Amino acid sequence: MHFQGSHILNIGQFERSDVDQLFAVADAMRPYAHRDKVTRVLDGAILGSMFFEASTRTRISFGSAFNLLGGQVRETTGFESTAIAKGESLYDTARVLSGYSDVIVMRHPAEGSVAEFAAGSRVPVINGGDGANEHPTQALLDLFTIRSELHSRKREIDDLRIAMVGDLRYGRTVHSLSRLLSLYKNVEIRLVSPTELRMPGDIVEALRSSGHKVIETEVLEEGIAGVDIVYSTRLQEERFASPADADLYRGRFRLNQSVYTANCEPNTVIMHPLPRDSREGARELDDDLNDNPNLAIFRQSDNGVLVRMALFAIILDVVDQVSAHASKVNWYTERRF
Ligand code: NCD
């Protein structure tokens, strides 16, 4: 594998064979993520974690993944608690933090900022989301989830039919996932969004030139009929000039059990990178779907730990040593997956 010591900044770095290898390592991480065994393979290693935008699952799952491999996490959140608030550059911050860490994960509201930071870092940097640009590890865990949901339906990623719904302009997860799907064959992608929030043209172009069928529509029912996966997304209100601008689109597409029953095939998988906006005016993915067995959103968030453990093991070159540092678990671990 050729990612030892590499930054992970965007999906363009990956080929299909890299994804296959990553997923094989992620599968092998299951006993550790499920607390059937512990490993101390990263004993002594430090993850530097800098999140300059709100995050629950990305930040905590990166940290948990590193802990589950035996490493420690040092983290900071928000600009106001770092010297960036005193005018320090990303370059200087990277030089300094990389002296304290073996690998760094960073999220930042500006596009290209994580790459700029990486240029000053002496250790590998992973992009945990840079503005509306990319969120590569989310796309990898999304595809890992798609693959496992399809396998239980005796299907492969090739020939997938997927609908992406919502704010496709500012949603970095759908940007990275679309780029990742370009590596596969014969995918049909329905892009459901308001005209103003369409998927950027270069990404649509890249999908078409990989031979995929792309259909753009503003009608939810049309987009979700006959697909294997519906991937719903949140309105990225933090990227709009004002809340009033975002309000124009809030609640535009709402998937709930009755819309699902009326339009989707019975086994259609429902995904969302989360957080879903459960406030009254939004509800793009209704709570009344919680008991639908095709709702994969929490399998998706669980899979984030596996994929991030795999990335750490690959980047820090310990894949073959994980089991040599394993031992039994001492505490009560029963949990339902
Ligand atoms: C996404 C993000 O931050 O881009 N969240 C996540 O990391 N799972 C999606 C979102 O915030 O809407």
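**Overall dimensions**

I began with the radius of gyration: a compact globule of 337 residues would come near 20 Å, and the chain has 20 Å, so the two agree. I note here that this is a predicted model. Next I looked up the extent of the C-alpha trace, which spans about 55 × 45 × 40 Å along its principal axes.

**Secondary structure and contacts**

I went through the secondary structure and found 12 helices and 11 strands in the chain. Then I turned to contacts between residues at least 6 apart in sequence: 76% of them join residues at least 24 apart.

**Surface and burial**

I looked up the accessible surface of the chain, about 14,600 Å². Carbon and sulfur atoms account for 48% of that surface. As for burial, 55% of the 337 residues in the chain are buried.

**Aromatic pairs**

A pair of aromatic rings is described by the distance of the centres and the angle of the planes. I took pairs with ring centres within 6.5 Å, and the count came to seven aromatic pairs.

I opened one of them, Phe-62 with Phe-312: the centres are 5.8 Å apart and the planes stand at 65 degrees, so I logged the pair as edge-to-face, the cut-off for that label being over 60 degrees. Where do Phe-62 and Phe-312 lie? Phe-62 is in helix H3 (residues 57-68) and Phe-312 in helix H12 (residues 297-315), so this pair ties together parts that are 250 residues apart in sequence.

Phe-240 has a relative accessible area of 13% and is buried. Tyr-249 also counts as buried, at 13% relative accessibility. For both residues the label follows because buried means under 20%.

**Around Phe-62**

I went back to Phe-62 to see what else it meets. Ring pairs link Phe-62, Phe-66 and Phe-312 into a cluster. Which residue lies over the face of Phe-62? I found Arg-308 there, at 4.6 Å from the ring centre.

Terms used
Residues numbered from 1 in each chain as written. Predicted model: local features only at pLDDT ≥ 70, side-chain atom pairs only at ≥ 80, totals over all residues. Heavy atoms only, no water. Phe/Tyr/Trp six-rings, centres within 6.5 Å; stacked < 30°, edge-to-face > 60°. Helix = DSSP H or I, 4+ residues; strand = E, 2+ residues; numbered from the N terminus. Buried < 20%, exposed > 50% of the residue type's maximum accessible area, 1.4 Å probe, protein only. Lys NZ or Arg CZ within 6 Å of the ring centre and 35° of its normal. Rg over C-alpha atoms; globule rule 2.2 N^0.38 Å. Contact = heavy atoms within 4.5 Å. Areas by Shrake-Rupley, 256 points an atom, 1.4 Å probe, with all protein chains shown as cover.
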